[in-house]
Amino acid sequence: VQVSTSEAQEGPADQAEQGAPQTHLPILALIDAVQRVCRPDSPAETFIAEVLRGFVSLSDAFYGAYWRASPGAPAVDMVAELMPRVSEQGARAWAPTLSELAAGVIQQSIIRYQAVSEQDGELLTGQKHMALGFPVRGDEDTTGCITVVVRQDSAILSDAGIAMLRLMADFGMLYSA
């Protein structure tokens, strides 16, 4: 049963909480954005693009891609990508590593991490990067993978950050069903 503030009795603690600014997890805003954009008649590509956008935004990633398993083959196909902080040449240099990572994630249905090199002549910041792969499960098994590339010292690599990304992947699976 939901009770609105006007229906609930307010005591001193309730009044103090109302004056405090409300904080929201960024993932809630991203889930809300996916729900606003994606409707039952939305094409699958729209949904995939929005979930990928959420992942890249949530993780402040240099690059993100959505991979789908090829029917009857160990290979994966890139369905969508976002390159907010790397050039196309840099993204292409990461593609083979991310493809292998995605294939392993889909095959084993687990989250995987892997160091990736800085793209020569592209970023030139001396930063080390990590690729993360999250399974996207279908009705019976893992059918896709979302990969993002983040700085190795990124806060998203904390337990809480990984939990938020896992929730976003699970939300993607639930919403698509």
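Visitor: What makes Arg85 and Asp60 a salt bridge?
Guide: The term needs a side-chain nitrogen of Lys or Arg within 4 Å of a carboxyl oxygen of Asp or Glu. Here N to O is 3.0 Å, so the pair qualifies. This is a predicted model, where local features need pLDDT of at least 70 and side-chain atom pairs pLDDT 80 or more, while totals for chains, interfaces and linings use all residues. Numbering runs from 1 along each chain as its sequence is written, and side-chain values use heavy atoms, without hydrogens and water.

Visitor: Why is Asp60 called exposed?
Guide: Buried means under 20% relative accessible area, exposed over 50%, partly exposed in between (1.4 Å probe, protein chains only). Asp60 has 51%, so it counts as exposed. Arg85, at 32%, is partly exposed.

Visitor: What else does Arg85 do with its charged end?
Guide: The charged end sits over the ring of Phe62, 4.0 Å from the ring centre. The rule asks for NZ of Lys or CZ of Arg within 6 Å of the centre and within 35 degrees of the ring normal.

Visitor: Why is the pair of Tyr63 and Trp94 called tilted?
Guide: Rings of Phe, Tyr and Trp (its six-membered ring) pair if their centres lie within 6.5 Å; planes under 30 degrees apart are stacked, over 60 edge-to-face, the rest tilted. The centres of Tyr63 and Trp94 are 6.4 Å apart and the planes stand at 50 degrees, so the pair is tilted. Both residues are buried.

Visitor: Why does Glu50 count as buried?
Guide: Its relative accessibility is 14%, so Glu50 falls under the buried limit. Its salt-bridge partner is Arg53, with the closest N and O atoms 3.1 Å apart.
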